[in-house]
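The following questions and answers examine a protein model.

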Amino acid sequence: MEIKVKDEASGSHDDEEMAPLLDKSAIPEVEKNLIQKAISQTFDSTAHLANLLPTGTVLAFQLLAPIFTSQGQCDAVGRSLTSILIALCGLSCFLLSFTDSFKDQKGNLCYGFATFRGVWIIDGSATLPPQLAANYRIRFIDFMHAFMSILVFAAVALFDQNVVNCFYPKPSDETQELLTALPVGIGVLCSMLFVAFPTKRHGIGFPLTAN
């Protein structure tokens, strides 16, 4: 008798777990007003900007810059190493702007470089039909994003006091004003261009959307 009670109790418990908490059909669709639509567009623009900034390269630069510059007290060798670091990070920003990703039939994530004919898969694990690969080919906006990424990285480098102290240990008043205003201007201009001309690419290190 006790076994039957336990079975009935467990059966009712399983039914409660399988029952949905809220029926999706019961959720009413709310029509957004102009202010809510503007806020949604602002969030979308911010998401585009976060995807386009070279975050991975910037993190690597911020980790290595204090070491190469000796906390801003660098000599000729330190300046050379810092220049090489800046050049390599800028090149990384440029190249990563031409990377893209997609999911194959098994759901595996594949990365590749965009070409003028389509996309070149890095590991060669998947192939795309020519009609589908043509959607990933290089366009003019890719070069625009690549150059803007370099400018954004240059602004980030100018914001780093270790780098500034390495190349300009005793700047004049005019140079100090330029070093302060230039990265701000570059950041604002490129941010506006990133938002005005978004990209659909999801390269290496960037999130992949459901679409």
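Residues count as buried under 20% relative accessible area, as exposed over 50%, and as partly exposed in between. The model discussed here is predicted.

Q: Is F143 buried, partly exposed or exposed?
A: The relative accessible area of F143 is 30%. Buried requires a value under 20% and exposed a value over 50%. F143 is therefore classed as partly exposed.

Q: Which class of accessibility applies to F98?
A: F98 has a relative accessible area of 7%.

Q: What geometry does the aromatic pair of F98 and F143 have?
A: The structure contains 5 aromatic pairs. In the pair of F98 and F143, the ring centres are 5.2 Å apart and the planes make an angle of 70°. Because planes over 60 degrees apart fall in that class, the pair is edge-to-face.

Q: How many residues apart are F98 and F143?
A: F98 lies in the loop between α4 (76-96) and β1 (99-103). F143 belongs to helix α6 (residues 140-159), and the pair thus links distant parts of the chain. The separation is 45 residues.

Q: Which residues form one aromatic cluster?
A: F98 and F143 form an aromatic pair. Both also belong to a cluster, whose members are F94, F98, F143 and F147.

Q: What is the order of the strands in the open sheet?
A: Strand β2 (residues 109-114) is joined to β1 by 5 bridges, and the two run antiparallel. β2 also pairs in the antiparallel sense with strand β3 (residues 119-121), over 3 bridges. β1 and β3 are the edge strands, each pairing on one side only. The order is β1-β2-β3.

Q: Which residue in β3 is the bridge partner of F113?
A: A hairpin of 4 residues joins β2 to β3. Across these strands, A114 has V119 as its bridge partner. For F113, the partner is W120.

Q: Which residue takes a positive phi in the hairpin of β1 and β2?
A: K103 has L109 in β2 as its bridge partner. The hairpin has 5 residues between the strands, and a positive phi near 85° is found at G107.

Conventions
Residues are numbered from 1 along each chain as its sequence is written. This is a predicted model: local features need pLDDT of at least 70, side-chain atom pairs count only at pLDDT 80 or more; totals for chains, interfaces and linings use all residues. Side-chain values use heavy atoms; hydrogens and water are left out. Rings of Phe, Tyr and Trp (its six-membered ring) pair if their centres lie within 6.5 Å; planes under 30 degrees apart count as stacked, over 60 as edge-to-face and the rest as tilted. Buried means under 20% relative accessible area, exposed over 50%, partly exposed in between (1.4 Å probe, protein chains only). Two strands pair if DSSP finds at least two bridges between them.
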